[in-house]
Amino acid sequence: MTEEFLVLGRPPRPPRRGRWVGRGPRIALAVIILGLVVWAVWRGVTHDPAAKPSPPAPTSTQTGSIAHEPPAVPYLRSGTLIPPAEQARGIPDGSWTDFATLADGRVVLVQRASLTVLGTTGQQRSFEHTSGLTARPDGTGAAWTGRDGRVRRLDSGHPDPVVVRGARQLTPACRGLRAGGRVLPGWQTCDRDGGLLSPDGRYFASIGGQSVTLAPRDDITGGTSTAFLGTVRDAVWEDAAHLLVVMDIGDEAHLMRVSTLGRSEDLIAPVRGASGRARPVLVLPMTSISGAVQP
């Protein structure tokens with residue numbers, strides 16, 4: 001007999017087995033039950049006919065996400081000229097409301113009573129003017145009306161503006177030059193009703209205070225209108241199928257692209273400081289509605 005039997009008065013205990021020995025069947029059963037519960041829950045969520053589908057992903061205009069393609073025309077943003085696919089360029093301080101770029105690299109900047117020509121090396125020349133800027137779409141020239149009522153034209157590659165005898169500018173909503181009862185070729189940007197013509201002449205844009213309408217010239221009833229939550233401040237054709245629009249919503253200025261099919265999208269992050277500003281924070285070249293929409 002062992003000492004343990006003599007002291008406790010009972011037979012010796014069998015050797016102790018491992019901690020989990022004998023529990024295997026119960027653990028396996030628990031795992032199976034848990035798996036069945038998880039499978040039933042998953043099937044009820046994903047296959048229940050009454051379950052509501054997830055809402056579709058919002059479009060870029062709903063979320064404010066930025067389009068992949070940047071603007072194809074230059075624009076001014078808070079004192080900086082941003083050309084397409086080129087390095088941004090600082091411009092002189094001023095309350096600029098319009099501008100045009102010449103093929104030789106110069107920039108013509110317009111504010112209320114003066115016009116500044118900015119050279120490629122930073123030199124500046126200022127001129128008085130009484131009407132908005134008119135520019136050729138190919139960048140070969142820009143024109144304005146001086147205080148004396150005569151039209152002056154600045155050609156790319158020529159340092160000084162020249163007087164265009166007998167010419168007059170068309171209205172700000174209908175850019176162009178007219179001389180002797182005819183429109184000078186290469187300067188016309190609108191039709192007889194004042195709509196902004198697309199580069200190929202097939203569409204015109206009618207600009208409202210909170211909307212734009214793009215319609216074919218041969219069928220104005222076939223156009224599409226896009227309404228905005230804010231106020232339209234500026235607009236210009238980007239190409240034959242897209243219009244760029246500057247719109248203010250509260251304290252933010254937005255740059256939008258609107259297609260002839262009615263689609264719209266944000267192009268840059270909203271620029272703050274639009275409300276109550278002393279100068280525009282976003283300016284498109286050769287603005288076509290400065291005379292039609294007031295701040």
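**View 1. Four strands, S3-S2-S1-S24, make up an open sheet with antiparallel pairing.** Strand S3 (89-90) and strand S24 (282-283) stand at the edges with a single partner strand each, so one side of each has no neighbour in the sheet. Two strands count as paired if DSSP finds at least two bridges between them. The strands themselves are DSSP runs (E, at least two residues), numbered from the N terminus. Strand S1 (residues 75-77) and strand S2 (residues 80-82) run antiparallel and are joined by three bridges. Look for Tyr75, whose bridge partner in S2 is Ile82.

A word on the model before moving on. This is a predicted model, in which local features need pLDDT of at least 70 and side-chain atom pairs count only at pLDDT 80 or more, while totals for chains, interfaces and linings use all residues. Residues are numbered from 1 along each chain as its sequence is written, and side-chain values use heavy atoms, with hydrogens and water left out.

**View 2. A three-stranded open sheet has the order S12-S13-S14, again with antiparallel pairing.** Here the edges belong to strand S12 (167-169) and strand S14 (182-183); each has a single partner strand, so one side of each is left without a neighbour in the sheet. Strand S13 (residues 177-179) is joined to S14 by two bridges, and the two run antiparallel. Within this pairing, Arg178 stands opposite Val183 in S14.

**View 3. One aromatic pair turns up in a search of the whole structure.** The ring centres of Phe127 and Trp144 are 5.5 Å apart and their planes lie at 45°, so the pair is tilted. Phe127 sits in strand S7 (residues 124-128) and Trp144 in strand S9 (residues 141-145), so to speak linking distant parts of the chain, 17 residues apart. For such a pair, the rings of Phe, Tyr and Trp (its six-membered ring) need centres within 6.5 Å; planes under 30 degrees apart are stacked, over 60 edge-to-face, and the rest tilted. Both Phe127 and Trp144 are buried. Buried means under 20% relative accessible area, exposed means over 50%, and partly exposed lies in between (1.4 Å probe, protein chains only).

**View 4. Arg125 and Asp160 form a salt bridge, with their closest N and O atoms 2.7 Å apart.** Arg125 lies in strand S7 and Asp160 in the loop between strand S10 (151-155) and strand S11 (162-164), so the pair ties together parts that are 35 residues apart in sequence. Arg125 is partly exposed at 36% relative accessibility, and Asp160 is partly exposed at 43%. A salt bridge is a side-chain nitrogen of Lys or Arg within 4 Å of a carboxyl oxygen of Asp or Glu, and by this rule the count comes to 11.

**View 5. Arg106 and Asp104 meet through their side chains in a salt bridge (2.9 Å, N to O).** Arg106 is buried, with a relative accessible area of 11%, whereas Asp104 is partly exposed at 27%.

**View 6. A further salt bridge joins Arg257 to Glu265, whose closest N and O atoms are 3.0 Å apart.** Arg257 is buried, with a relative accessible area of 9%, while Glu265 counts as partly exposed at 24% relative accessibility.

**View 7. A network of salt bridges links Asp148, Arg150 and Arg152.**
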